[in-house]
Amino acid sequence: MSAAAVEHPCDGEPESLLETANSLMEQHPGYRVEIIGGVITVAPSPDAPHARVLTKIMRPFIAAGLDDGETEVLQGVGLWLPSGPEDYAIPDLAIVDADLDEHLAENNCYDPAVFRLVLEVTSSNYNNDLRNKVAAYAEAKIPVYVIVDRKHGRVHVLTEPMGGGYESHQVYAPGQTVTLPDSIGAPVTLDVAELVRAGRPRS
């Protein structure tokens with residue numbers, strides 16, 4: 001699917017990328033439409049294993065108290081990106097400052113300054129999470145970016161954003177645990193095997 005399928009208004013003025021992206025969202029409910037690096041990306045609705053990973057990963061965040069007080073744990077909240085005039089992403093999960101509502105930027109997206117962590121669970125478009133979003137989130141200075149890589153069965157933790165990348169990129173395999181930085185607001189440890197298992201279809 002591409003933005004080329006969207007008809008433009010007949011007034012002679014071409015649609016902006018943002019208008020095209022919003023048209024795509026209206027035409028395809030449940031799909032995730034983002035603009036990263038000036039390019040519209042469209043992802044189909046996630047499958048059940050994708051949703052299971054998010055459920056499993058939310059539990060330790062909530063148990064650590066990150067959904068009360070100074071922070072919230074939210075799914076599917078728009079993040080306005082500095083990488084382009086109309087760029088935005090919709091991470092699968094985010095830990096944000098509790099005053100998020102006061103930092104609405106544009107197009108129902110929020111200022112990256114209030115995001116302490118973003119997390120993506122890969123689907124068929126996994127290269128977008130492993131490459132394009134690494135650069136976009138680093139440029140937005142998101143302190144912690146976590147990727148649950150279902151295709152390769154591992155978890156990536158990226159910290160220390162610098163320019164178009166992260167200074168630290170740690171990869172964890174099943175049998176290991178991930179201790180996330182205290183900067184997210186509380187100590188949290190993730191079981192890689194549990195997340196990888198949740199991301200596979202049940203036999």
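Are Tyr137 and Tyr145 buried or exposed? I found that both are buried (under 20% relative accessible area; exposed is over 50%, partly exposed in between, with a 1.4 Å probe and protein chains only).

**Ground rules.** I am working from a predicted model, where local features need pLDDT of at least 70, side-chain atom pairs count only at pLDDT 80 or more, and totals for chains, interfaces and linings use all residues. Residues are numbered from 1 along each chain as its sequence is written, and side-chain values use heavy atoms, without hydrogens or water.

**Confidence.** I checked pLDDT, the predictor's confidence in each residue from 0 to 100. The chain has a mean of 92, and 94% of its residues reach 70 or more. Over residues 1-9 the value stays under 50, and the model has 17 contacts for them beyond four places in sequence. A contact means heavy atoms within 4.5 Å.

**Aromatics.** I found one aromatic pair. The ring centres of Tyr137 and Tyr145 are 4.8 Å apart and the planes are at 80°, so I logged the pair as edge-to-face. Rings of Phe, Tyr and Trp (its six-membered ring) pair with centres within 6.5 Å; planes under 30 degrees apart are stacked, over 60 edge-to-face, the rest tilted.

**Asp129.** I placed this residue in helix H3 (residues 126-139). Helices (H or I, at least four residues) and strands (E, at least two) are DSSP runs, numbered from the N terminus. Asp129 is buried, at 1% relative accessible area. Beyond four places in sequence, its contacts include Glu120, Thr122 and Tyr145.

**Helix H1.** In residues 17-27, I noted Leu18, Thr20, Ala21, Ser23 and Leu24 as buried. Their cover includes strands S1 (32-36), S2 (39-43) and S4 (78-80).

**Pockets.** A pocket is an open set of points on a 1 Å grid over the protein atoms alone, where a 1.4 Å probe fits, with protein on both sides within 12 Å along at least five of seven lines; lining residues have an atom within 4 Å of a point. Of its 23 lining residues, Arg32, Pro44, Pro46, His50 and Asp92 are the closest to the centre. Helix H2 (residues 48-63) gives the largest share of that lining, three residues. The second largest pocket has about 150 Å³. I listed its lining, including Met25, Tyr88 and Cys109.

Notes
Grid points are joined across faces, edges and corners, and a volume is the space filled by probe spheres set on the points.
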